[in-house]
Amino acid sequence: MIYFVDCEASSLFPGSFPVEVAWTDQDGMSESYLIRPADEWLEETRGHPNWSLESERVHGISLTTLLAEGLPHRQVALRVEEVLTRSGVMACSDAPSHDGMWLDRLVSAAGSRSSVRLVGVHELYGLTCRDLLEALPPGDRASDEAVEERLTARARDIIARAEKAEASRSRVRHRPDLTRRASGGRGTPSRKKSRSMSVPEVEERLAEGCRMGRFVVLYDMDGRVHAVAATSVAAVCETDDGSLLMLPGGKMVHVPRPLVAVLAWLDGRA
């Protein structure tokens, strides 16, 4: 049985943990589970080193939602083991290194020594194409490796085009894409006729670090949003868990981002 697996996570930082796991089998039957974090994961999120607000805006799952609606991590881990570690199962992912890491952390936190082996989807396509190799005349067996290499390259091309098409869909995007769209292209004035934006459009553009006129959007340690005029920042100091911005009137804004990232946002280079 073949399963296609995907995970959402608290961040892409070292020490991140899974917040949702989902899979669908070759017949189209699917399962999806929100994961209530293990206690040790929550301890690590104090100071937010392993919880990214940017990741939260991409997958739309908040820590509050996980605590209220997520299943205990042990329960989800048992189901993962029951389905994905069975004999004869091939579990595939478009990001096997990341998804595999998060699944291993899930089952490990549940006290299991099992490991979910994920393969890249291009490997699955290559295996599928082996049937074509078996159908080749005996005289062509010497060129099997070359044929398999071409088929694998073709599979990779199909995946790349599919990912490009997916990226062009209207959806929540990472901050750099929003920045380019908000500015009409880096360094290139937009030729579209200006118009007022609706509230949903403005909210979509409030990605961390994006610029709206002379303001930079920042999120503090409590998740509150701030529109800070770049020229009004008197100083930026590095802290153990982020950066501290000094604003007029002695106001301070503590953000869970490294100093270099904050400086790049203020300078308009990010």
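Two strands count as paired if DSSP finds at least two bridges between them. Helices (H or I, at least four residues) and strands (E, at least two) are DSSP runs, numbered from the N terminus. With these terms, an open sheet of six strands can be described in the order β4-β3-β2-β1-β5-β6, with mixed pairing. Its edge strands, each pairing on one side only, are β4 (71-72) and β6 (118-120).

The model is a predicted one, in which local features need pLDDT of at least 70 and side-chain atom pairs count only at pLDDT 80 or more, while totals for chains, interfaces and linings use all residues. Residues are numbered from 1 along each chain as its sequence is written, and side-chain values use heavy atoms, with hydrogens and water left out.

The protein chain contains 10 helices and 12 strands. Of its 270 residues, 34% are buried, where buried means under 20% relative accessible area, exposed means over 50%, and partly exposed lies in between (1.4 Å probe, protein chains only). A contact is a pair of heavy atoms within 4.5 Å. Among contacts in the protein chain with a separation of 6 or more, 57% involve residues 24 or more positions apart.

Glu20 has Leu34 in β3 as its bridge partner. Helix α5 (residues 96-109) packs on the sheet and touches β1, β2, β3, β5 (90-93) and β6; its direction makes about 80° with that of β1. Angles here run from 0 to 180 degrees between N-to-C directions, and axes are lines fitted to C-alpha atoms, for helices over the stretch in contact. Helix α4 lies across β1 (2-9), β2, β3 and β4, and runs at about 150° to β3.

A salt bridge is a side-chain nitrogen of Lys or Arg within 4 Å of a carboxyl oxygen of Asp or Glu, and a search of the whole structure finds three. One of them joins Glu31 to Arg79, with the closest N and O atoms 2.7 Å apart. Glu31 lies in strand β3 (residues 30-36) and Arg79 in helix α4 (residues 73-84), so this pair ties together parts that are 48 residues apart in sequence. Arg79 counts as partly exposed, at 25% relative accessibility.

Arg79 has a salt bridge with Glu82 as well, the closest N and O atoms being 2.9 Å apart. Both residues lie in helix α4, three residues apart, about one turn of the helix. An α-helix has 3.6 residues a turn, so residues three or four places apart point the same way. Glu82 is partly exposed, with a relative accessible area of 49%.

Elsewhere, the side chains of Asp220 and Arg224 meet in a salt bridge at 3.2 Å, N to O. Asp220 is buried at 5% relative accessibility, whereas Arg224 is partly exposed, with a relative accessible area of 49%. Salt bridges that share partners join Glu31, Arg79 and Glu82 into one network.

Leaving aside residues up to four places away in sequence, Glu81 touches Arg86, Val107, Ser112 and Ser114.

A further open sheet has three strands in the order β10-β11-β12, with antiparallel pairing. Its edge strands are β10 (235-239) and β12 (252-255), each pairing on one side only. The twist averages 20° from one strand to the next. Four bridges join strand β11 (residues 242-246) to β12, and Leu245 stands opposite Val253 in β12.

Helix α10 lies across β10, β11 and β12, running at about 155° to β10. The buried residues of α10 (residues 259-267) are Ala261, Val262, Trp265 and Leu266. They cover an arc of only 130° around the axis, which puts them on the same side of α10; the arc is that of the directions from the helix axis to the C-beta atoms. Just after α10, Gly268 takes a positive phi of about 80°.
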